[in-house]
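Subject: Handover of the two-chain model

Hello,

Here is the structure we spoke about. Please open it alongside this note.

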Amino acid sequence: MWQFVLRRSLLMIPIFVVVSIIIFSLIHIVPGTPIDNLMGPGMTKAHEQKLVEKYHLDKPIPVQYYLWFKNMLHGDLGRSIIEKRPVTELLLHHLPYSLSLGLTAIVLSFVLGVSMGIISAAAKNTIFDHLAMLVALFGVTIPAFWLGLILILIFAVWLTWFPISGSGSLMSLVLPAVTVGLGGAGLIARVTRVSMLEVASKDFIVMLHAKGLGKRAILLKHILRNALIPVITILGLRIGWVLGGTVTVEIVFGRPGLGQLLITGLFRRDYPVIQGAMLILAMGIMMGTFLADILYALTDPRVRDQHH
Amino acid sequence: MENNQNQDSIRPPANRWLRRVKKIKSNRAGLLGVIIIAGLIFIALSADLIAPYSYKEQNLSIMNSPPSGDHFMGTDEFGRDVFSRILHGSRISVYVGVVSVGLSVIIGVILGALAGYYGGWLDQSLSVITDLTWSLPEILVALLLVAVVGAGIECVIIAIALTYWAQYARLIRGQILMLKNEIYVEATRSLGATDFTILFKHLFPNAIAPVIVAATIGIGQAIVLEATLGFLGMGAQPPTPSWGAMMSNGTAYLFISPWVIIFPGIAMMITVFGFNLFGDALVDIMDIREDTLK
């Protein structure tokens, strides 16, 4: 098992390098430079030249990448061209808001999704099943930002149960987390249902029924445990979706997370900020898939053995 | 007589598509999907004729007025009729959805087929790329690409196409990989057919079904992605009405005129729902095994 963990963690290094190259090179194909935004009235060509040199924008792109990557290993992601603060500082400031939202949303989608899946599978083809699957389908198809706006309208404006926006209290986390979590819950509910029905038709379950074990015990102890394996995989693979969802939802709820940092960075063409935010998000996704693979290997010995 | 029947049963299905059309009539959910999609296309094509008001004419005396007999979905912050703007907005949605998914299907199908048929470095680099895009959130990839190519409808189309192609490549690759060892391929090759003929004339028609399903559902997703980008201010530029941009403008007036946000969202949901229903029905109609879609 430890060998598997080690191999899997070493694999993250080349992936990380590739991702950083992709992010860096894509950003630098962009026409127009952030200098355009910095140039005020009365500034001359000489000023422009100075700024270009200051941010190494005159060097070839591979050299710029090398400088960026070398500094990154020292925890220095450059300075925001517009805000004049270190990118690392900005990221550390915004990260907690995204992290708390993302984690709450993941837990929520897992709990909600698995429970809906169980109800659906246990009451197959009844009204409960159809209802749960309908909710799941809506969860998957509703665009996150619209759901967010509607939730604000209902629960913050009309019912005034929750604050409209902001990030101060725990209460302000509820609506954004539900918004992001519902999409994931829909997906997980669908996977849980299919997976449980598949396990339920296996021979060993039939045998348990024949032995006279109670329905409830079979469902929760034997079927669910086996059915959760693909659910965990999906959760790990689609952790990126959750993070992607947080980006738009943060804008809707005015939460000062990474999404907001990224979007403002995109509008101002603030390269170092865009790179930094993208990199952190990519790292989050990599960690998610890594943890899912480990969990997967823990629950299914075949996975870790096939690599030997 | 008996001989004839035998010949019929070994002959390839004379008109597969006709049979499929017949089959959808018995699939109620699929039929609903078809009706929604047909309705959407009709609205998009005839928005000029059926919209009760102009989509850009401003009338500030009735701005932000709630749904009423005259404007049954209300008016926006410039007094423009929300219903008419939704009808016109469907054009952008359909256009972006169809063109972007069409482009990504073309790219994905060609690369995926070649990768599945020839294998080698092409196949390996393709699987690295598909694995990467599979785990990266669409919205981030699209945002990054919009940052590269710029905001606006054409750029959004390119961004979505470049975000989506990998999933179609993955699907067709799997199919080709499975089919290329069939005996009929061997037979065709021994008759002197070129790789090109085998791949695109014989394997292709048998491998394309899962891609059609994924692309159908993909159009719905692309419409949402376009709206999301529009909502973030990177889609169609005003006064062109797109559902995403309408909702984006509406957020400032959320407390005054919520209908500006509610109705475009419902329109979008019905649309996505329609494409999903139709896509799910296609799985049935085209006899696709569910596991090939994963």
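What follows runs from conventions and confidence to each chain and then the interface.

**Conventions**

This is a predicted model, in which local features need pLDDT of at least 70, side-chain atom pairs count only at pLDDT 80 or more, and totals for chains, interfaces and linings use all residues. Residues are numbered from 1 along each chain as its sequence is written, while chains are lettered from A and ligands numbered from 1 in the order in which they are written.

**Confidence**

The model scores ipTM 0.76 and pTM 0.80. The pLDDT is the predictor's confidence in each residue, from 0 to 100. Chain A averages 79, with 90% of its residues at 70 or above. Within chain A, helix α14 (residues 301-305) has the lowest confidence, with a mean of 62. The highest is in α5(A), at 87. Helices here are DSSP runs (H or I, at least four residues), as are strands (E, at least two), both numbered from the N terminus.

Chain B averages a pLDDT of 80, and 89% of its residues score at least 70. Helix α4 (residues 82-118) of chain B has the highest mean of its elements, 89. Helix α1 (residues 2-10) of chain B has the lowest, 46. Over residues 1-9 of chain B the pLDDT is below 50, and that stretch has zero contacts in the model beyond near neighbours in sequence. A contact means that the C-beta atoms of two residues, placed from the backbone, lie within 7 Å.

**Chain A**

Chain A has 14 helices and zero strands. Of its 308 residues, 38% are buried. Buried means 20 or more other C-beta atoms within 10 Å of the residue's own; exposed means 12 or fewer; partly exposed lies in between; C-beta atoms are placed from the backbone. Among contacts in chain A with a separation of 6 or more, 74% join residues 24 or more positions apart.

After α3(A) comes His56(A), with a positive phi near 60°.

How do α5(A) and α6(A) pass each other, left-handed or right-handed? The crossing is left-handed. That label applies if the near helix is turned anticlockwise from the far one by less than a right angle; clockwise is right-handed. The axes of α5 (residues 87-122) and α6 (residues 127-141) of chain A come within 8 Å and cross at roughly 145°. Axes are lines fitted to C-alpha atoms, for helices over the stretch in contact, and angles run from 0 to 180 degrees between N-to-C directions. From α5(A), the contact uses Met116(A), Ile119(A) and Ser120(A). From α6(A), it uses Phe128(A), Asp129(A), Ala132(A), Met133(A), Val135(A) and Ala136(A). By class, these residues are seven nonpolar, one polar and one charged. Nonpolar covers Ala, Val, Leu, Ile, Met, Phe, Trp, Tyr, Cys and Pro; charged covers Asp, Glu, Lys and Arg; the others, Gly among them, are polar.

**Chain B**

Chain B comes to 12 helices and zero strands. Of its 294 residues, 46% count as buried. Contacts in chain B with a separation of 6 or more are 70% between residues 24 or more positions apart.

The largest nonpolar core has 150 residues. Such a core is a set of buried Ala, Val, Leu, Ile, Met, Phe, Trp, Tyr and Cys residues joined through C-beta atoms within 7 Å. Ala142(B), Val146(B) and Tyr168(B) touch the most other members. Helix α7 (residues 153-179) of chain B gives the most to this core, 15 residues. Beyond four places in sequence, the contacts of Tyr168(B) include Ser104(B), Val105(B), Gly108(B) and Val211(B).

Gln221(B) sits in helix α10 of chain B. Gln221(B) counts as buried because 22 other C-beta atoms lie within 10 Å.

**Interface**

Chain B puts 28 residues in contact with 28 residues of chain A. On the chain B side, α5 (120-135), α6 (138-149), α10 (209-231) and α12 (259-285) each give two or more residues. That side has 22 nonpolar, five polar and one charged residues.

Ala227(B) belongs to helix α10 of chain B. Ala227(B) is buried, with 31 other C-beta atoms within 10 Å. Leaving out residues up to four places away in sequence, Ala227(B) touches Pro143(A), Trp243(B), Gly244(B) and Met268(B).

Best regards
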